[in-house]
Amino acid sequence: DDALRLDTQQRRSGGSSSNAGDNGSPFFIVSKYGTKQIMLKQHTFNRHITRDDVTYWRCSQFAVLRCRARLKTKQDTLTILNSEHNHEVITKARKYGSLKRQRAEAEAAATAARSKKLDYVETKTEPNTDTTT
């Protein structure tokens with residue numbers, strides 16, 4: 001069970017390069033929009049759903065990058081439901097239009113990999129035309 005103690009003292013998110021959260025102990029921060037977030041190992045999590053006294057949190061990059069990392073809190077106990085992020089730690093805001101370019105590059109790489117795989121399958125399954133036997 002990945003239960004951790006949650007530091008309930010709020011801190012203001014300032015975009016600074018401080019090492020807060022590096023040691024793995026989670027704590028609350030306030031985003032630039034005024035919403036409460038959890039910082040864990042330099043990744044931020046936004047509140048997703050609250051049921052009774054349990055709150056579910058998902059990676060702040062869920063909407064943009066479909067990151068599947070998830071947390072659950074109950075009082076001051078935090079449980080990691082999924083710790084795998086599909087991205088590096090985000091330290092500063094992306095430039096306008098960079099996601100579109102990143103997605104286009106990823107799609108081009110995937111298309112190239114698919115065509116390379118098809119070329120391999122086609123060359124592997126070509127009929128034997130050798131008549132020297």
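Student: What does Gln42 count as at its relative accessibility?
Tutor: The model is a predicted one. Buried requires under 20% and exposed requires over 50%. The value for Gln42 is 30%, so Gln42 counts as partly exposed.

Student: Where is the place of Gln42?
Tutor: Gln42 is not a glycine, although its phi is positive, at about 70°. Strand β4 covers 36-40 and strand β5 covers 43-51. Gln42 is placed in the loop between β4 and β5.

Student: Which residue other than glycine has a positive phi near 55°?
Tutor: The residue is placed in the loop between α1 (62-65) and β7 (70-74). Its phi is positive, and the residue with this value is Arg66.

Student: Which residues form the positive surface patch?
Tutor: Like charges are joined into a patch within 9 Å, for residues with over 30% relative accessible area and no salt bridge. One of the members, Arg103, is found in helix α2, residues 98-124. The patch consists of Arg66, Arg68, Arg94 and Arg103.

Student: What is the N to O value for the salt bridge of Arg114 and Glu107?
Tutor: Side chains of opposite charge can pair when their charged atoms come close. The structure holds 1 salt bridge. Arg114 and Glu107 meet in a salt bridge through their side chains, with an N to O value of 3.4 Å.

Student: How is the aromatic pair of Phe28 and Trp57 classed by its planes?
Tutor: A pair of aromatic rings is described by the distance of the centres and the angle of the planes. The count comes to 1 aromatic pair. Phe28 and Trp57 form an aromatic pair with 5.9 Å centre to centre and 50° between the planes. Planes under 30 degrees apart count as stacked and over 60 as edge-to-face, so this pair is tilted.

Student: How many residues apart in sequence are the parts that the pair of Phe28 and Trp57 ties together?
Tutor: Phe28 lies in strand β3, residues 27-30, and Trp57 lies in strand β6, residues 54-59. The pair therefore ties together parts whose separation in sequence is 29 residues.

Student: What is the relative accessible area of Trp57?
Tutor: Buried means under 20% relative accessible area. Phe28 is buried at 9%. Trp57 is buried as well, and its relative accessible area is 3%.

Student: How far apart in space are Leu99 and Val64, C-alpha to C-alpha?
Tutor: Leu99 has its place in helix α2 and counts as buried at 19% relative accessibility. In sequence, Leu99 and Val64 are 35 residues apart. In space, their C-alpha to C-alpha distance is 8.4 Å.

Student: Which pattern does the chain follow along the sequence?
Tutor: Of the 133 residues of the chain, 26% count as buried. The chain has 2 helices and 8 strands. Read along the sequence, its pattern is β-β-β-β-β-β-α-β-β-α.

Notes. Residues are numbered from 1 along each chain as its sequence is written. This is a predicted model: local features need pLDDT of at least 70, side-chain atom pairs count only at pLDDT 80 or more; totals for chains, interfaces and linings use all residues. Side-chain values use heavy atoms; hydrogens and water are left out. Patches are made of residues with over 30% relative accessible area and no salt bridge: like charges are joined within 9 Å, nonpolar side chains (Val, Leu, Ile, Met, Phe, Trp, Tyr) within 5 Å. Accessible areas come from the Shrake-Rupley method with a 1.4 Å probe; for residues, only the protein chains shown count as cover. A salt bridge is a side-chain nitrogen of Lys or Arg within 4 Å of a carboxyl oxygen of Asp or Glu. Lys and Arg count as positive and Asp and Glu as negative; His and the chain ends are not counted. The place of a charge is taken as NZ of Lys, CZ of Arg, CG of Asp or CD of Glu. Helices (H or I, at least four residues) and strands (E, at least two) are DSSP runs, numbered from the N terminus. Rings of Phe, Tyr and Trp (its six-membered ring) pair if their centres lie within 6.5 Å; planes under 30 degrees apart count as stacked, over 60 as edge-to-face and the rest as tilted. Buried means under 20% relative accessible area, exposed over 50%, partly exposed in between (1.4 Å probe, protein chains only).
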